[in-house]
Protein chains: 4
Amino acid sequence: MPRAVRERMMMDAAVRTFGRRGYRAASMDDIAEVAGVSKPLVYLYLNSKEELFIACIRREAAALLEAVTAGVQPGVSADLQLRSGLGAFFAHTTEHPDGWSVLHRQARTHGEPFAREAAKVRDELVAFVTQLIGAAAREADTGRGAGPGGGAPADRELAGLAQALVGAAESLAGWAIETPGVSAKEAAATLMNFSWMGLGRLMDGERWPATARR
Amino acid sequence: MPRAVRERMMMDAAVRTFGRRGYRAASMDDIAEVAGVSKPLVYLYLNSKEELFIACIRREAAALLEAVTAGVQPGVSADLQLRSGLGAFFAHTTEHPDGWSVLHRQARTHGEPFAREAAKVRDELVAFVTQLIGAAAREADTGRGAGPGGGAPADRELAGLAQALVGAAESLAGWAIETPGVSAKEAAATLMNFSWMGLGRLMDGERWPATARR
Amino acid sequence: MPRAVRERMMMDAAVRTFGRRGYRAASMDDIAEVAGVSKPLVYLYLNSKEELFIACIRREAAALLEAVTAGVQPGVSADLQLRSGLGAFFAHTTEHPDGWSVLHRQARTHGEPFAREAAKVRDELVAFVTQLIGAAAREADTGRGAGPGGGAPADRELAGLAQALVGAAESLAGWAIETPGVSAKEAAATLMNFSWMGLGRLMDGERWPATARR
Amino acid sequence: MPRAVRERMMMDAAVRTFGRRGYRAASMDDIAEVAGVSKPLVYLYLNSKEELFIACIRREAAALLEAVTAGVQPGVSADLQLRSGLGAFFAHTTEHPDGWSVLHRQARTHGEPFAREAAKVRDELVAFVTQLIGAAAREADTGRGAGPGGGAPADRELAGLAQALVGAAESLAGWAIETPGVSAKEAAATLMNFSWMGLGRLMDGERWPATARR
DNA sequence: GATGAATGAGGGTTCATTCAT
DNA sequence: AATGAATGAACCCTCATTCAT
């Protein structure tokens with residue numbers, strides 16, 4: 001069996017085992033057994049538990065990022081871009097719960113080197129959202145003229161908003177995975193309503209997409 | 001030295017060690033040393049590493065819940081109640097980062113028994129939020145009559161919204177802890193804007209509290 | 001059983017096992033078993049295989065050095081001092097063959113850190129011999145006046161001579177240990193004859209102590 | 001590439017690796033890599049690590065023995081024969097430090113089978129020296145008549161003297177290898193002075209070759 | 001009430017060795 | 001003739017846990 005194939009089997013086994021049992025609780029014996037190979041082979045190909053874990057994190061990070069990137073509809077309004085990105089995000093996390101666990105939970109709980117790696121993806125997602133709502137805000141701002149009160153959110157505020165949105169998405173990803181019957185689509189719809197309309201307007205019965213101010 | 005006091009010192013040491021090093025990486029030796037007692041004493045009082053961890057989770061859960069409960073202003077409008085609860089939440093997590101790490105990260109990453117315990121608190125917070133916005137929605141609904149489109153969110157939708165809000169709060173808690181210069185107050189304000197106004201209205205320069213429809 | 005006693009038992013077991021099987025071939029399990037304790041206890045007291053080995057080297061080095069130092073008769077002529085030192089040296093090595101193996105063979109064959117440690121003792125012995133024959137040479141030199149040819153050995157030559165003498169002693173130590181019936185005393189006598197008289201004079205039937213030039 | 005050539009490359013690599021890293025620390029992977037061939041080929045040609053090591057020892061032993069044998073000037077007096085043999089010995093060890101390490105250090109530190117093999121060469125060298133000084137002694141003895149005191153050394157004493165001389169040579173070989181600036185020639189001269197003249201006469205300023213009693 | 005002393009069990013890692021091709 | 005692929009066995013080390021005092 002060629003090396004590349006075996007290597008992927010091992011990483012699959014590792015992601016699955018790390019994701020379910022946790023980084024420390026997963027033994028290299030476990031992983032080798034799940035992969036259907038001997039332990040020395042895992043070491044031959046992937047060097048050490050740490051490197052294997054890092055490799056898993058990177059692979060899952062790349063996969064998630066690519067899924068989201070591929071899902072975002074380019075050239076449309078900010079809310080539509082967000083909506084499409086969220087759809088891809090929830091579709092991916094729902095379909096790869098172990099990978100999501102590695103990325104979102106395990107990598108962030110077992111020490112700096114791993115956390116740093118996981119932070120990279122998250123930071124990219126946060127940056128994407130920040131840029132998205134930043135652009136939308138500036139656009140709205142110019143179309144409005146300097147009115148009283150508020151104005152476009154400052155950079156610092158944007159950062160916080162993006163953190164909030166990403167956190168909400170992470171939470172809903174777990175909700176969709178754990179709650180039977182909740183689809184990726186529903187999660188995306190829920191989050192669009194929540195984030196774009198806000199509870200205030202939701203109370204009034206409005207839903208996204210609104211009768212469209214834009 | 002009375003037992004109760006010794007016990008609290010041990011739990012303090014445990015929360016600190018678990019929170020910083022992680023459940024698996026923290027050894028009973030470490031904890032005993034940080035607590036300033038001998039290891040057998042830890043076992044005498046707290047039986048096993050698992051029980052000790054569970055005890056930590058429960059204690060921190062109770063503390064957080066009490067802080068939030070005490071912080072919520074009773075008898076005011078939903079948004080004000082939320083605002084006061086968030087303020088208390090961020091104040092507590094910011095002041096007890098190790099406890100928050102135990103609760104939010106460690107407990108949820110190291111297997112079922114612990115995750116279940118941590119899920120309890122989270123579920124309570126989610127339930128609180130659900131009930132809050134549910135009440136607000138019903139109230140708004142009756143004052144409006146059956147108009148076209150939408151209406152009050154269904155229970156299932158409320159659950160999702162609450163998940164989103166709690167996730168956003170968790171994310172901002174981490175943001176406030178890790179980012180120097182971000183205060184609990186700022187986190188709360190950011191989240192109020194995000195959740196109550198929604199990005200849509202924020203883009204238009206509005207901020208919470210709005211010129212107030214209510 | 002008090003810690004100090006256990007610790008000595010472990011080091012005895014370690015010296016014996018390292019000395020007979022070699023550093024790498026001796027497993028910590030072996031050593032623990034020979035010592036009659038569990039493996040973790042060995043680690044508790046002595047930290048690691050490397051540290052244990054270093055500790056063995058140091059202990060055996062100190063023992064050998066003390067034996068020789070205690071054996072050298074002070075204040076007598078150089079040849080008598082050498083003879084007494086050699087007696088003590090061979091007596092010690094013959095009685096502690098495992099310690100001698102650790103010091104002379106194992107420590108010098110398994111990497112820099114250990115070799116450096118072993119080199120210390122050897123260097124001290126070489127220095128002792130160098131100083132001994134150096135003093136004797138200077139003494140003989142002054143009593144002679146500048147005659148033709150030769151003169152007292154230069155420093156560089158002294159160093160080589162000391163190396164040769166110590167090497168001869170090491171060789172005879174192994175010879176005495178391995179050859180049944182060869183006593184420490186005989187080894188010492190042989191080496192005195194060889195080193196002090198030289199083969200040239202031995203051929204002529206002379207033996208040490210000579211009819212005494214000094 | 002013919003088998004014989006490949007085989008020599010492997011043994012060169014093995015001697016180098018064993019000599020520098022030590023028998024246990026040298027892995028078959030290392031050796032194969034240094035040799036520039038695949039590991040199974042090493043096994044195909046040399047069967048096992050043990051056999052490979054034995055083969056190395058034998059080869060280096062033969063090389064050393066041949067160098068010394070070729071170096072000894074035949075038909076001259078004993079001291080001149082010794083001197084020529086020592087010259088060859090130091091020249092060879094100085095030029096082949098890895099082989100010397102294998103022979104003198106590694107082979108003797110890693111268990112019986114190897115030590116036995118190394119003992120063979122050493123015994124041959126010892127035997128050569130024994131026979132050399134034995135012949136010289138008998139010769140001197142007959143030319144002297146039974147005088148008082150001593151007489152020619154007994155066989156047992158000769159054995160010890162040879163051990164001492166060989167040990168001194170081994171020590172000086174290491175000294176010459178490790179000390180920059182010390183040549184094989186100097187080592188040989190030092191040892192001739194030490195062994196043939198003895199410290200006693202050296203102290204008096206004499207050097208070898210003496211003004212010659214013979 | 002408190003601890004010094006001790007261990008069973010298991011995890012990460014390496015290595016000599018062998019097939020199938 | 002030569003090798004890429006694979007593994008059984010062992011080794012160093014750590015840790016949760018328990019006695020005897």
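Predicted model: local features only at pLDDT ≥ 70, side-chain atom pairs only at ≥ 80, totals over all residues.

Reader: How many residues surround DNA strand F?

Author: 29 residues do. The closest are Pro40(A), Lys39(B), Tyr43(B), Lys39(C) and Lys49(C). A residue is near the strand if one of its heavy atoms lies within 4 Å of it.

Reader: What classes are they?

Author: 15 nonpolar, six polar and eight charged. Ala, Val, Leu, Ile, Met, Phe, Trp, Tyr, Cys and Pro count as nonpolar, Asp, Glu, Lys and Arg as charged, and the others, Gly among them, as polar.

Reader: Which helix gives the most to that surface?

Author: H3(D), with four residues. Helices are DSSP runs (H or I, at least four residues), numbered from the N terminus.

Reader: And on the DNA side, what share of the atoms within 4 Å of the protein is sugar or phosphate?

Author: 57%, and the rest belong to bases.

Reader: Which polar side-chain atom lies 2.8 Å from a phosphate oxygen?

Author: One of Lys49(B). Met28(C) uses a polar backbone atom, at 3.0 Å. A polar contact here is a pair of N or O atoms within 3.5 Å.

Reader: Switching topic. How many aromatic pairs over all chains?

Author: 30. Rings of Phe, Tyr and Trp (its six-membered ring) pair if their centres lie within 6.5 Å; planes under 30 degrees apart count as stacked, over 60 as edge-to-face and the rest as tilted. Take Phe53(A) and Phe114(A): their centres are 4.7 Å apart and their planes at 75°, so the pair is edge-to-face.

Reader: What does that pair tie together?

Author: Phe53(A) is in helix H4 and Phe114(A) in helix H7, so the pair ties together parts 61 residues apart in sequence.

Reader: Are those two buried or exposed?

Author: Both are buried, meaning under 20% relative accessible area (1.4 Å probe, protein chains only). Phe18(A), Tyr23(A), Phe53(A) and Phe114(A) form one aromatic cluster.

Technical notes:
Residues numbered from 1 in each chain as written. Chains lettered and ligands numbered in written order. Heavy atoms only, no water. Polar contact = N/O pair within 3.5 Å; in protein donor to acceptor, adjacent residues only side chain to side chain. Helix = DSSP H or I, 4+ residues; strand = E, 2+ residues; numbered from the N terminus. Buried < 20%, exposed > 50% of the residue type's maximum accessible area, 1.4 Å probe, protein only.
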